[in-house]
Amino acid sequence: MENQATITEFDSILASRGVTRRDFMKLAGAVAVAAGLSELAAPRVAQALEESVIGATKGDLYPVIWIEGASCTGCTESFAQIETPDVATVVLDLISLNYSETLSAAAGHSVEEAKAQTIEAGNYILVYEGAVLEGWGGNALRVAGEVGTAALVDAAKSANAVVALGSCAVNGGWCAAHPNPSNAMGVQEYLKKAGVEATVVNVPGCPANPEWLMSVLVDVVVMKDPSLLLARLNDMAMPNDIFGQTIHDNCERRGHFENGEFVYEFGSEEEAKGYCLYPLGCRGPQTKSNCGVILWNNRRSWCVQAGAPCIGCCEANPNNPGQNWVEVNTPFYKRHRDLRIGDWTFQPGTIALALTGLVAAALVVHGFGMKVSGRMDGGADFEKIRKWDEKHPDKSIGKYDLTREEKAELAEKNCGHAVPEDDSEKGGQA
Amino acid sequence: MIFVVTHWINLIAMILLIITGFCIHFPFWPLFMGIARGVHVFFGFVLFLNCVFRVIAAFFVKTSPTGGTREQVPDYQTWLPQKDNRHQAIEWIKYYLFLRKTHPLGAKLGVPQKISYLLIPILIVAMFWTGLCLWAPTMTAAPMAATTNLVGGLMSMRIIHYFGMYVFIIFMFIHIYLANVEGFAPTKLMFIHKEHGGLVYAPEVHDIVGEDLETH
């Protein structure tokens with residue numbers, strides 16, 4: 001019938017997921033923003049999405065290998081908890097997760113074979129979760145009969161991009177915290193060491209927000225343009241639109257910070273009022289991430305909104321495992337980290353105060369010495385001749401054998417008027 | 001006289017920076033927090049610019065090379081090694097530790113004194129730089145970000161800046177103590193530019209040549 005409404009194949013796919021065309025266009029705008037594009041790119045994104053989704057129904061999914069190194073699986077959990085049909089799920093439905101220790105239905109030999117086949121076919125993305133353990137010749141982590149480092153190198157070599165997901169993958173995370181017996185480090189550093197050329201994208205966080213992963217995947221999987229992704233990376237190879245500003249910059253409690261309204265104690269009246277958590281050790285001012293904008297758990301809330309000071313889980317310098325978020329931020333509720341000498345840990349303020357107190361005490365003692373030695377009134381008498389001059393009369397610095405007349409002349413010259421001749425034995429400098 | 005002014009500026013700026021710095025580190029006095037941050041940044045620039053001015057002025061302003069003389073030389077020369085101080089470094093330390101009875105002869109600035117004063121501009125510049133690394137508007141600039149990476153992140157940078165403050169505090173303790181323990185003459189000269197008579201020192205012969213009993 002000509003007057004009967006028809007819907008496209010794509011719209012029916014959306015409808016089956018409970019997504020209207022209007023929702024979809026909003027979603028396309030959100031995806032565009034997530035991908036670091038302007039919202040004006042929404043039609044372009046919509047078209048790319050439409051093609052990708054239709055492609056997906058025909059089995060044309062983008063292969064992804066997800067390897068867990070030294071991980072707690074928290075990033076996988078974070079990714080897997082997406083349940084409602086939002087921006088992230090639509091995009092994540094476009095990938096074919098060919099290998100995941102946690103999520104793959106297959107196990108053992110068959111899933112390892114699936115991984116090997118995917119690597120051989122190429123044109124896939126590697127998501128690496130958890131730290132790379134170099135300790136004991138790589139044997140700190142063994143999976144399926146091989147050392148973890150070899151699994152990473154094999155999969156990274158042919159990948160279009162390697163996403164180091166979570167702070168552990170970025171620089172070792174808490175696995176790299178003192179004493180780091182397994183020699184944990186990040187993906188980027190290890191691959192560089194191993195001489196593997198790969199495009200590494202760092203997405204820190206403990207866990208990483210699934211929307212951050214989605215936003216990285218959009219560029220490659222939906223827009224099919226990895227250069228879009230590369231253009232977003234800062235010098236730590238992190239998407240700068242996500243990790244370019246501090247938590248503090250975008251914090252919903254920032255107004256209270258500006259007003260000088262702080263929470264000093266959990267369970268206090270100030271906490272109930274939602275005041276700023278700075279005195280409780282909030283790491284917002286030094287942690288770069290857009291948590292407060294993108295939110296967590298399907299955009300429901302985030303740490304600070306829930307009443308917890310930021311503990312800086314996104315701090316991860318890919319080139320420095322020592323700058324992992326646990327090492328630089330513990331104890332979390334203190335304004336400073338602990339410093340360590342051997343097994344002795346202490347707060348910087350304690351040691352600074354102790355040292356200052358010691359100096360003050362030494363000065364007091366010294367003051368008594370000055371009093372006893374009678375130096376408080378103008379100091380001790382000056383030496384008649386320098387010690388060194390006494391021992392080296394041939395190279396003497398001072399000239400001590402002046403006549404009274406010569407002295408008087410020099411004294412008048414140096415003080416501007418005649419002075420009584422110096423025949424006193426006492427001293428005392430002006 | 002100009003160095004009396006720069007010294008006053010140093011004093012005021014350092015005191016305010018220390019007080020506001022403590023407040024920023026931990027808001028002991030919450031309502032002061034906003035003001036403290038503004039004052040801290042402002043006087044950070046004041047201290048740095050004053051330091052730059054002081055160093056440049058050392059090349060244009062004349063001061064006495066030693067105490068007890070009206071002779072004047074370009075100020076920067078009094079910051080370099082002077083013949084009056086030669087071979088006296090150990091003697092100064094001995095004097096401070098009561099290991100010798102007499103006061104060593106020397107230039108306006110004794111050896112340990114001169115070395116510690118010379119470290120102050122370095123400390124001021126280091127504090128200014130680490131401060132810029134922590135100040136939001138400048139922290140992402142390439143040179144600051146590179147420095148922050150070098151020291152292991154913003155937390156380390158904060159601790160370095162914090163320890164730097166204690167270096168200032170410890171310096172001030174020692175400085176105030178030593179400048180006044182033998183009498184207030186140095187303080188009067190530094191703060192109100194008043195000097196009375198006393199021993200007359202002739203830089204020409206590197207020795208004391210008389211005593212001026214008049215008050216000026």
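1. Helices here are DSSP runs of H or I with at least four residues, strands are runs of E with at least two, and both are numbered from the N terminus. By that count chain B has 8 helices and 4 strands, and from the N terminus on they run α-α-β-β-α-α-α-α-α-α-β-β.

2. Housekeeping: this is a predicted model, so local features need pLDDT of at least 70, side-chain atom pairs count only at pLDDT 80 or more, and totals for chains, interfaces and linings use all residues. Residues are numbered from 1 along each chain as its sequence is written, while chains are lettered from A and ligands numbered from 1 in the order in which they are written.

3. Chain B's C-alpha trace spans about 60 × 35 × 35 Å along its principal axes. Of its 216 residues, 31% count as buried (20 or more other C-beta atoms within 10 Å of a residue's own; exposed is 12 or fewer, partly exposed is in between, with C-beta atoms placed from the backbone).

4. Which helix gives the largest share of the side of chain B that touches chain A? First, the contact itself: 61 residues from chain B and 61 residues from chain A, contact being C-beta atoms, placed from the backbone, within 7 Å. The largest share on the chain B side is from H7(B), with 12 residues. By class, that side divides into 30 nonpolar, 19 polar and 12 charged residues (nonpolar: Ala, Val, Leu, Ile, Met, Phe, Trp, Tyr, Cys and Pro; charged: Asp, Glu, Lys and Arg; polar: the others, Gly among them).

5. H7(B) (residues 154-180) also packs on H1(B) (residues 2-25): their axes come within 11 Å and cross at roughly 145 degrees. The axes are lines fitted to C-alpha atoms over the stretch in contact, with angles from 0 to 180 degrees between N-to-C directions. Met14(B), Ile18(B), Gly21(B) and His25(B) of H1(B) meet Tyr162(B), Met165(B), Phe168(B) and Ile169(B) of H7(B). That contact has 6 nonpolar, 2 polar and no charged residues.

6. Over in chain A, H3(A) (residues 42-57) buries Ala42(A), Val45(A), Ala48(A), Leu49(A), Ser52(A) and Val53(A). Looking down the axis of H3(A), these fall within an arc of 130 degrees, so they line one face of the helix; the arc is that of the directions from the helix axis to the C-beta atoms. Pro43(A) and Gln47(A) are exposed on the face turned away from the buried side. The cover over the buried residues includes H1 (9-16), H2 (21-34) and H10 (210-222) of chain A. Just after H3(A), Gly59(A) takes a positive phi of about 85 degrees.

How values were computed
Two residues are in contact if their C-beta atoms, placed from the backbone, lie within 7 Å.
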